[in-house]
Amino acid sequence: MNVAAFLASTTGRAVRAAAGIAMIAIGATAGGAWWILAAAGLLPLAAGVFDFCLIGPLMKLPLNGTALRRRLAQR
């Protein structure tokens, strides 16, 4: 399984959302300049929740999760 296929899967979405939550929690707990980590954690959280894959376009694949899964199934 390649990276795009994993990230398009349900497990990949859950991992992205969990990573985002972890980044937000660590950044908020640590305080200080760690707020940057918390802010950056919003991106993987949103990607998992709203079903988009940021590395898709880098691999010449769709950004939208549904379109990505459809394209990967055609291969």
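Student: In which hand does H2 pass H3 in their crossing?

Tutor: Keep in mind that this is a predicted model. Look at where helix H2, residues 10–30, meets helix H3, residues 35–50. H2 goes past H3 in a crossing that is left-handed.

Student: Are H2 and H3 roughly parallel or roughly antiparallel?

Tutor: Start with the geometry: their axes come within 7 Å and cross at roughly 160°. Angles over 145 degrees count as roughly antiparallel. So H2 relative to H3 is roughly antiparallel.

Student: Which class of residue has 15 members in the contact of H2 with H3?

Tutor: From H2, the residues making the contact include Ala17, Ile21, Met23 and Ile24. H3 brings in, among them, Trp35, Leu37, Leu42 and Leu45. Sorted by class, there are 2 charged residues and 4 polar ones, and the 15 are nonpolar.

Student: What pattern does the protein chain follow along the sequence?

Tutor: Count the elements in the protein chain and you get 4 helices and 0 strands. Read along the sequence, that gives α-α-α-α.

Student: How much of the accessible surface of the protein chain belongs to carbon and sulfur atoms?

Tutor: For scale, the C-alpha atoms fill a box of roughly 45 × 20 × 20 Å along the principal axes. Of the 75 residues, 29% are buried. The accessible surface comes to about 4,700 Å², and the carbon and sulfur share is 72%.

Student: What share of the contacts with a separation of 6 or more comes from residues 24 or more positions apart?

Tutor: Take the contacts in the protein chain whose separation is 6 or more. Residues 24 or more positions apart account for 41%.

Terms used
Residues are numbered from 1 along each chain as its sequence is written. This is a predicted model: local features need pLDDT of at least 70, side-chain atom pairs count only at pLDDT 80 or more; totals for chains, interfaces and linings use all residues. Side-chain values use heavy atoms; hydrogens and water are left out. Axes are lines fitted to C-alpha atoms, for helices over the stretch in contact, and angles run from 0 to 180 degrees between N-to-C directions. Helices (H or I, at least four residues) and strands (E, at least two) are DSSP runs, numbered from the N terminus. Angles under 35 degrees count as roughly parallel, over 145 as roughly antiparallel, 65 to 115 as roughly perpendicular and the rest as oblique. A crossing is left-handed if the near helix is turned anticlockwise from the far one by less than a right angle, and right-handed if clockwise. Contact means heavy atoms within 4.5 Å. Ala, Val, Leu, Ile, Met, Phe, Trp, Tyr, Cys and Pro count as nonpolar, Asp, Glu, Lys and Arg as charged, and the others, Gly among them, as polar. Buried means under 20% relative accessible area, exposed over 50%, partly exposed in between (1.4 Å probe, protein chains only). Accessible areas come from the Shrake-Rupley method with a 1.4 Å probe; for residues, only the protein chains shown count as cover.
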